[in-house]
Amino acid sequence: MNPKRYCTGWPVVAALVASVLALPSLAAPLTLDEALRLAESNAPSLTAQAAKLQAASSAAVPAGELPDPKLLLGVQNYPIGGPNRWTIDQDFMTQQSVGVRQEVPNRDKRKARIEVAEAAVDRAAAEGRVERLNVRQATALAWISSYSVDRKETLFQDFYRENRLLADTVRAQIAGGRAQPADAVTPKQEAAQLAEQQDDLILLRAQARAALKRWIGPAANDQPVGNLPQWPLDTSGYVHKLQHHPALAAFEPMTREAQAKVREAEAQKQSDWGWELDYQRRGRQFGDMVSVQFTFDLPLFPDSRQNPKIAAKHAELNQLEAEREALTREHTEQLEADLAEYERLNRAVRRSQDSLLPLAKEKVELSIASYRAGKGDLAPVIAARRELIEARLKHIDFEEQRALTSARLYFTYGETSQ
C-alpha cells in the first residue's frame with residue numbers, strides 16, 4: 001500500500017486556499033459623505049490643530065499667576081580672619097539665613113498676559129476651523145476627480161464595443177467589394193489610439209487616488225460611487241458671507257492677541273515690585289533676627305527700552321490689519337471669478353448635452369450610413385467617431401469642472417456657519 005495516496009487531497013486544498021487568498025479584495029463603495037467623514041477622522045493636520053488648541057488651553061491656565069517664589073539660603077558675615085575665623089557661631093555678626101522672595105508683576109501686565117493667553121486659545125480654535133474647512137474642501141475635490149476618471153474609464157467599454165462593430169462593418173464592406181482592403185487596418189488603429197487614451201486615464205486615476213489618500217488614507221483605493229455633488233449655491237448671499245469666512249474670522253482673535261500684547265508692552269512702563277522675608281540665626285549667645293525688604297523696578301529710560309517694544313507691537317497690529325484687508329480682497333476676487341466660472345460651466349454643460357453630443361452622434365450615424373451604402377469613404381466615419389469620443393469625454397470634463405468649482409464655492413462660503 002502506498003501511504004502517499006492518503007494525502008493527495010491536501011495539495012488540492014492548499015491550492016484552493018491560496019487561490020482564494022490571491023483573489024483581489026472587493027473594493028468597498030466610497031461615497032463623498034464617507035470620504036469627508038474619514039478625512040475628519042484621519043487627517044493628520046486636524047490632529048495637529050487639536051493638539052495646538054490643547055496646548056494653548058493649557059498654556060492659558062498659568063497666564064495670570066505670579067512667578068514662582070524663590071527660597072533663599074545663605075550665610076552672612078562668615079569670618080575668615082581673627083580669633084573666630086572659620087567658625088559659624090562664635091562671631092556675633094555671623095548669621096545663617098533662610099528666606100523667601102516673591103516677585104510681583106504689576107496688575108496691568110498680569111491682566112494683559114491673561115488676555116494674550118485667552119486670545120491665543122481663540123486663535124487656535126479659529127485656525128482649527130480653517131483647517132477643517134481646507135481638509136473637507138481638498139477631500140471633496142480629490143473625490144470628484146477620482147469619480148470623474150472612473151466615469152471616463154467606463155465609457156471606454158462602449159468605445160471598444162463600437163470599435164468592434166466598426167471592424168465588422170468594414171470587413172463586410174470589403175467582402176462586398178464596396179471598400180478597399182486597406183480599410184481593415186483603420187479600426188485597429190482606432191483601437192490602439194483608444195488604448196493610448198486609456199493609459200493616460202490610468203495615470204490620472206493613480207494621481208487622483210494618491211491625492212485622495214493624502215486625506216483619508218488607504219480607503220482612497222475604494223471605488224467612488226454615487227453622483228457628482230450638487231450643493232445649493234447662494235450666489236447672492238456669498239458676498240454677505242464673505243466676512244464670516246473662517247480664514248477672515250480668524251483675524252478677530254489674532255487682532256485681540258496683538259492688542260493685548262500692545263497693552264502688555266505698555267504695562268512695562270509701570271513698576272513691578274517684590275518682597276522678601278528672611279530669618280537670620282546667630283550664635284546661642286546672640287539673638288536671632290528677622291528681615292523684611294521690598295524691591296521696585298525703576299523704568300527710568302523708556303525711550304531706549306519700553307517705547308521701542310511698544311512701537312514694535314503697534315507695528316505688528318498694523319501688519320495684521322493690512323493682512324486682513326489683503327486677504328479680504330483676495331477672497332473677493334476669487335469669489336467673483338469662481339461665480340463667473342460656474343456660470344460658464346453651467347452653459348457649457350447644457351450646450352454639450354443639448355447640442356454638441358446629439359450633433360456628434362448624428363454625424364457618426366450619417367457617416368456610417370453613407371459608408372455602408374457605398375457612397376462615402378471610411379475616413380469621414382473615423383473622423384466623426386473621433387469627434388464623438390472627444391465630445392463624450394469633454395462632457396465629463398465640463399461636469400467635473402463645474403462640480404469642482406461648486407465644491408470650492410460651497411466649502412469656502414456655504415459652510416462658514418458650521
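Modeller: Helices (H or I, at least four residues) and strands (E, at least two) are DSSP runs, numbered from the N terminus. This is a predicted model: local features need pLDDT of at least 70, side-chain atom pairs count only at pLDDT 80 or more, and totals for chains, interfaces and linings use all residues. Residues are numbered from 1 along each chain as its sequence is written, and side-chain values use heavy atoms, leaving out hydrogens and water.

Biologist: Which residues form the covered face of strand 5?

Modeller: Gly 274, Glu 276, Asp 278 and Gln 280. The uncovered face of strand 5 (residues 273-281) holds Trp 273, Trp 275, Leu 277, Tyr 279 and Arg 281.

Biologist: How do you know that strand 3 and strand 5 pair?

Modeller: Pairing requires that DSSP finds at least two bridges between two strands. Strand 3 (residues 95-104) and strand 5 have nine, in the antiparallel sense. So they pair. Gln 96 has Arg 281 as its bridge partner in strand 5.

Biologist: What makes strand 5 and strand 6 a pair?

Modeller: Eight bridges, antiparallel, link strand 5 to strand 6 (residues 289-296). Tyr 279 stands opposite Val 290 in strand 6.

Biologist: Why is Ser 406 called buried?

Modeller: Its relative accessibility is 3%. Buried means under 20% relative accessible area (exposed is over 50%, partly exposed in between; 1.4 Å probe, protein chains only). Therefore Ser 406 counts as buried. Ser 406 lies in helix 10 (residues 378-414).

Biologist: Why does Lys 109 count as buried?

Modeller: Lys 109 has a relative accessible area of 8%, so it is buried. Lys 109 sits in helix 4 (residues 107-175).
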